[in-house]
Amino acid sequence: MRTSWRRAYDALRRSYGRMPGTAASFAPIIVPILLMALGSLASVLKWTGPAGDFARFLGTPMIALAVGTLCAVGVLFSGRRGETFYDLTEETLRVVGPILFITAAGGVLGRVIAATDLVTFIESNAAQLSVIGLFFPFLVSAALKTAQGSSTVALTTTSAMVFPMMPALGFETPVASALVVMAIAAGAMTVSHANDSYFWVVTNFSGMTPSQGYRTQTMVTLLMGLTSIVFIWFLGLVLV
């Protein structure tokens, strides 16, 4: 076993040259996470002065990811493979370029929906909609997710809408509040289709066509959401 592992390692070294160390290999992933955690910590603890401002600046997701990208480029050049930088960049942009465009379009659509009277309509009809219980936050979250593609937008928008109405909807206990959060999360995964960047991540990296993605990714996320809300509803019957 040890001999075969050594042969495989030697073959990799011959193919790729000197391999980076463990810390350098994980830095492009770990460093952005640590920076964003540092920024969150600075905000929670209300750090002031230049140090606090700098920590929050580094913790901005865009800046943290940019630092992670620089770490990845550093790893690439440290292995003396800088000559392949252009080829790697071209190949990467060919794969992730459509995903970035879809993500940007989904964000714009989310802003358009937020600017309409949809939220006001739901809030004004909350009393009638409250009769469906935990299905209410689920359906609102699922509608927003399906319409604009972003789970984050669906989570944050639905949470902001439902929170002021929770007493009127009958969700006043800690257990009921936890079930509402679970219902919103279940709706935020229902469903992933063409306006969701994750749909294109799955289809592009797995080599599927869009039609195959609809038959697999879209249907699976639909079943995941429906199964989740049925289980959450059952928990509500037992626990509330």
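Which residues does T218 touch, not counting residues up to four places away in sequence? Select T218 and then V191, S192, H193, F199 and G213, for these are the residues that it touches once residues up to four places away in sequence are left out, where contact means heavy atoms within 4.5 Å.

Before going further, note that this is a predicted model, in which local features need pLDDT of at least 70 and side-chain atom pairs count only at pLDDT 80 or more, while totals for chains, interfaces and linings use all residues. Residues are numbered from 1 along each chain as its sequence is written, and side-chain values use heavy atoms, with hydrogens and water left out.

**The whole protein**

Of the 240 residues of the protein, 28% count as buried, where buried means under 20% relative accessible area, exposed means over 50%, and partly exposed lies in between (1.4 Å probe, protein chains only). Among the contacts with a separation of 6 or more, 68% are accounted for by residues 24 or more positions apart.

Return to T218, which lies in helix 13 and counts as buried because its relative accessibility is 10%. Its side chain reaches the backbone oxygen of S192 at 2.8 Å.

Next select Q217, which also has its place in helix 13 and is buried, with a relative accessible area of 10%. The side chain of Q217 makes a polar contact with the side chain of S192 at 3.3 Å; a polar contact is a pair of N or O atoms within 3.5 Å, and within protein one must be able to donate a hydrogen and the other to accept it, while residues adjacent in sequence count only if both atoms are side-chain atoms. Leaving out residues up to four places away in sequence, Q217 touches S192, Y198, F199 and V202.

**Aromatic rings**

Rings of Phe, Tyr and Trp (its six-membered ring) pair if their centres lie within 6.5 Å, and planes under 30 degrees apart count as stacked, over 60 as edge-to-face and the rest as tilted. By this rule the count comes to three aromatic pairs.

For one of these pairs, select F135 and W233, whose ring centres are 6.4 Å apart and whose planes stand at 45 degrees, so the pair is tilted. Because F135 lies in helix 8 and W233 in helix 13, this pair ties together parts that are 98 residues apart in sequence. F135 counts as partly exposed at 26% relative accessibility, and W233 is partly exposed as well, with a relative accessible area of 40%. F199 and W200, by contrast, form an edge-to-face pair, with 5.2 Å from centre to centre and 90 degrees between the planes, and both of these residues are buried.

**The largest nonpolar core**

Now select L134, F136, V162, L169, F171, V180 and I232, which have the most contacts inside the largest nonpolar core, a set of 21 residues. A nonpolar core is a set of buried Ala, Val, Leu, Ile, Met, Phe, Trp, Tyr and Cys residues joined through side-chain atoms within 4.5 Å. Helix 8 (135–148), helix 9 (151–162), helix 10 (166–169), helix 11 and helix 13 (210–239) each supply at least two residues of this core, and helix 11 gives the most, with six residues. Zoom in on F171, which touches G133, L134, M166, A176, S177 and V180, not counting residues up to four places away in sequence.

**Helix 11**

As a last stop, select helix 11 and look along its axis: A176, L179, V180, A183, I184, A186 and G187 are buried. They cover an arc of only 160 degrees around the axis, which puts them on the same side of helix 11; the arc is that of the directions from the helix axis to the C-beta atoms. On the other side of helix 11 you will find P174 and V181, which are exposed.

Definitions and conventions. Helix = DSSP H or I, 4+ residues; strand = E, 2+ residues; numbered from the N terminus.
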